[in-house]
Amino acid sequence: MSDRAFSVLPQRGLVRLSGDDVKALLQRLITTDMDIVERDGVGFGALLTPQGKILFDFIIAQSDADLWVDLPRAVVGDFIKRMTLYKLRADVTLTDCSDSHEVCVAPEGVAPDGDVVALFSDPRAEGLGLRLFRSAKGGEEDTGHWQERRIALGVPEVSSDFGYGDLFPHDAGMDHLNGLVFDKGCYVGQEVVSRMHHRGTARKRPVIVRGAGLSEGAELMGGDKSVGILGYVSGDHAVAIARLDRLKSALDNGAEISVAGAPVEVSLPQWAGYDWP
């Protein structure tokens, strides 16, 4: 990633939400507290299935009276369709701005250029740098440096690492990445994730895997038992969603932790508020 310029994430799209009822609609649908977005200008969150699994994960930012949702470009159409079903007669307009605007990233302290819609520090974890929405200008595309930074920090993106509809927010660490709240009232899937939170039943968590020959979707093994699945691989690092209890048991018993027969090292992300069981 350049030290002097923002680089574009072409895999990300943008949806603009406008209208008098936008905040109220989102407050009763998504995991993000819209009061925090209004206060800080940005938030991280997800739209869940009624069963509490992640349907879409995104960053949401405020710009004047509008809200902008940053999510995978490939699912923008599906997101708009789903939100259109939920909004009914609410005064909310959803506009796909993926062709007219772009999502950019840069280290902290870089001065923005272009017609900037929103500029903010990534709300998920310290070290992810700046994020910017601007009118499309055909800037230099990121060639993997962003993913390298994200993976090194152990921050999962369900869209990049794992399939939608497969994970609960706790599995992806959203409760420790500022993407899940429990005190704003009901939203879609809230009952399930609240029960997991208060009963402490979340067993799957993100871990950082380091080793040679890693591949996306490969099994993380503790001895002869599968304890997790790898997501996106950057060099010799990957994020895996692992059963911490099984992984810890394998470590305590001296079993080899491996991927495709090769030994690997595992560690918890620095941002993690959870620990080994």
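1. The largest pocket of this predicted model is lined by 14 residues. Those that lie nearest its centre are I36, G43, F44, N178 and G179. Two elements, α2 (34-40) and β3 (42-48), each give two or more residues to this lining. A reader opening the structure may therefore wish to begin with these two elements, since a cavity or pocket lining is defined by residues with an atom within 4 Å of a point.

2. Of the elements, β3 provides the largest share of the lining of the largest pocket, namely three residues. The volume of this pocket is about 200 Å³.

3. What is the make-up of the lining of the largest pocket by class? Seven of its residues are nonpolar, four are polar and three are charged.

4. One cavity of 30 Å³ or more is found in a search of the whole structure. The largest cavity has a volume of about 30 Å³.

5. Which residues line the largest cavity? They are R12, F44, D57, F58, I59, R124, E157 and S159. Strand β4 (residues 54-63) contributes three residues, the largest share of this lining.

6. By class, the lining of the largest cavity comprises four charged, three nonpolar and one polar residue. The lining of the largest pocket, for its part, has three charged residues alongside seven nonpolar and four polar ones.

7. One residue deserves attention in both descriptions. F44 is among the residues nearest the centre of the largest pocket, and F44 also belongs to the lining of the largest cavity.

Notes: Residues numbered from 1 in each chain as written. Predicted model: local features only at pLDDT ≥ 70, side-chain atom pairs only at ≥ 80, totals over all residues. Heavy atoms only, no water. 1 Å grid on protein atoms, 1.4 Å probe; cavity = no way out; pocket = protein on both sides within 12 Å on 5 of 7 lines; lining within 4 Å. Points joined across faces, edges and corners; volume = space filled by probe spheres on them. Helix = DSSP H or I, 4+ residues; strand = E, 2+ residues; numbered from the N terminus. Nonpolar A, V, L, I, M, F, W, Y, C, P; charged D, E, K, R; others polar.
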